[in-house]
Amino acid sequence: MVIKVFLASSSGSTAIKKKQQDVVAFLEALKVDYTQLDIACNEENRMWMRQNVPEEKKPANGIPLPPQIFNEESYCGDYDTFFDAKEDNLVYSFLGLPPPPGSKEAVQADEAHIVENGTHVEETNAEGNLDDSIEVPVEERNGDAHSKEEQAQAADEKEEGEEEGEVAEGETADDEAMEEETAGDKGPAEEEEALEETDEANAEEEQEEADDDREEEELRQLEEEEEAEVQEEEEEDLEEPQEEEAE
């Protein structure tokens, strides 16, 4: 199975270029075999991508933007769904590929296949059937992380901690009194730090909003360019029959 990534090599949108680079870099880091298909220089690639993206996955104008990802003929998703899968450690499932042994995704899959009766699905007997004799410890099935010995040890530690707490109560009271005396001096400094942190947070939010607005504007311009190209193609298709009739 070959993963196909449809890209636009000459896109004027910096947002789209960054998304394309993120997808390609992550696939290379995972050592996943993939093929890049350019829709900017190859009309056949662009038409194939548009026709094979499901209707419910297309934007309102009906023109899907790169990057778009396929497994052979099967549609995997766009950048947003790829990013969500990456955050959830489910990239191989997103791509329709089996996760390599030892990977985070493989470990999650193994944990998900433990049945409620304490049998591991991956454990089989010599005939290749599930071996019901291999069971998960009762503590694991019941969700109890502590054994009886651990519980007894925890009880002893709790008693020791209570005795030490009684001894330290006097010292704690003195410390609290000293902290109350010095609290008045720390108040203004803490207020200034809080104000500085608030200003920094507001500045970061404003920067993020500006970046989002710029990205939306770039995407809108690219969509308009795509729509203009489609309209030109339709006009050319209409002009050709008229020229033939004139001749």
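This is a predicted model: local features need pLDDT of at least 70, side-chain atom pairs count only at pLDDT 80 or more; totals for chains, interfaces and linings use all residues.
Biologist: What makes lysine 4 count as buried?

Modeller: Lysine 4 has a relative accessibility of 18%, and buried means under 20%, so lysine 4 counts as buried. Its place is in strand E1. Leaving aside neighbours within four places in sequence, lysine 4 is in contact with Thr35, Leu37, Gln68, Ile69, Phe70, Glu72 and Glu73.

Biologist: Why are strand E1 and E2 said to pair?

Modeller: Pairing requires at least two bridges, and E1 (residues 3-7) and E2 have five, in the parallel sense; therefore they count as paired. One of the residues involved is leucine 7, whose bridge partner in E2 is aspartate 38.

Biologist: How do you know that E3 pairs with E1 and with E4?

Modeller: By the same rule of at least two bridges. E1 and E3 have four bridges in the antiparallel sense, and E3 and E4 pair over four bridges, also antiparallel. Glutamine 68 of E3 takes part on both sides: glutamine 68 is the bridge partner of phenylalanine 6 and stands opposite aspartate 78 in E4. Isoleucine 69 stands opposite glycine 77 in E4.

Biologist: What makes the pairing of the sheet mixed?

Modeller: E1 and E2 pair in the parallel sense, whereas E1 and E3 pair in the antiparallel sense. The four strands form an open sheet in the order E2-E1-E3-E4. The twist averages 25 degrees from one strand to the next.

Biologist: Why are E2 and E4 called edge strands?

Modeller: Strand E2 (34-38) and strand E4 (74-78) each pair on one side only.

Biologist: Which way do the side chains of E3 point?

Modeller: Gln68 and Phe70 point one way from E3, while Ile69 and Asn71 point the other way, and all are buried. In a regular strand the side chains alternate between the two faces of the sheet. In the hairpin of E3 and E4, with two residues between the strands, glutamate 72 takes a positive phi near 55 degrees.

Biologist: What makes up the largest nonpolar core?

Modeller: This core has 18 residues, and those with the most contacts inside it are Ile3, Leu27, Ile69 and Leu95. E1, helix H1 (14-29), H3 and helix H4 (91-95) each give two or more residues to this core. H4 gives the most, with four residues. A second, separate core of seven residues includes Ala8, Met49, Val53 and Tyr75.

Biologist: Which residues does isoleucine 3 contact?

Modeller: Apart from neighbours within four places in sequence, the contacts of isoleucine 3 include Val32, Tyr34, Ile69, Phe70, Leu95 and Leu97.

Biologist: How do you know that the buried residues of H2 share a side?

Modeller: The buried residues of helix H2 (residues 43-52) are Asn45, Arg46, Met49 and Arg50. They cover an arc of only 130 degrees around the axis, which puts them on the same side of H2. The exposed residues Glu44 and Gln51 are on the face turned away from that buried side.

Biologist: Why are the buried residues of H3 placed on the same side?

Modeller: The buried residues of H3 are Tyr79, Phe82 and Ala85. Because their arc around the axis is only 125 degrees, they are on the same side of H3. What covers these buried residues includes H1, E3, E4 and H4. Helix H3 (residues 79-87) lies across strand E3 (68-71) and E4, and runs at about 85 degrees to E4.

Biologist: Which residues are in the corresponding contact at the start of H3?

Modeller: A side-chain oxygen of aspartate 78 reaches to within 3.3 Å of the backbone nitrogen of aspartate 80. With the cut-off at 3.5 Å, this distance therefore meets it too. Just after H3, asparagine 89 takes a positive phi of about 55 degrees.

Methods. Residues are numbered from 1 along each chain as its sequence is written. Side-chain values use heavy atoms; hydrogens and water are left out. Axes are lines fitted to C-alpha atoms, for helices over the stretch in contact, and angles run from 0 to 180 degrees between N-to-C directions. Contact means heavy atoms within 4.5 Å. A nonpolar core is a set of buried Ala, Val, Leu, Ile, Met, Phe, Trp, Tyr and Cys residues joined through side-chain atoms within 4.5 Å. Buried means under 20% relative accessible area, exposed over 50%, partly exposed in between (1.4 Å probe, protein chains only). The arc is that of the directions from the helix axis to the C-beta atoms. A polar contact is a pair of N or O atoms within 3.5 Å; within protein, one must be able to donate a hydrogen and the other to accept it, and residues adjacent in sequence count only if both atoms are side-chain atoms.
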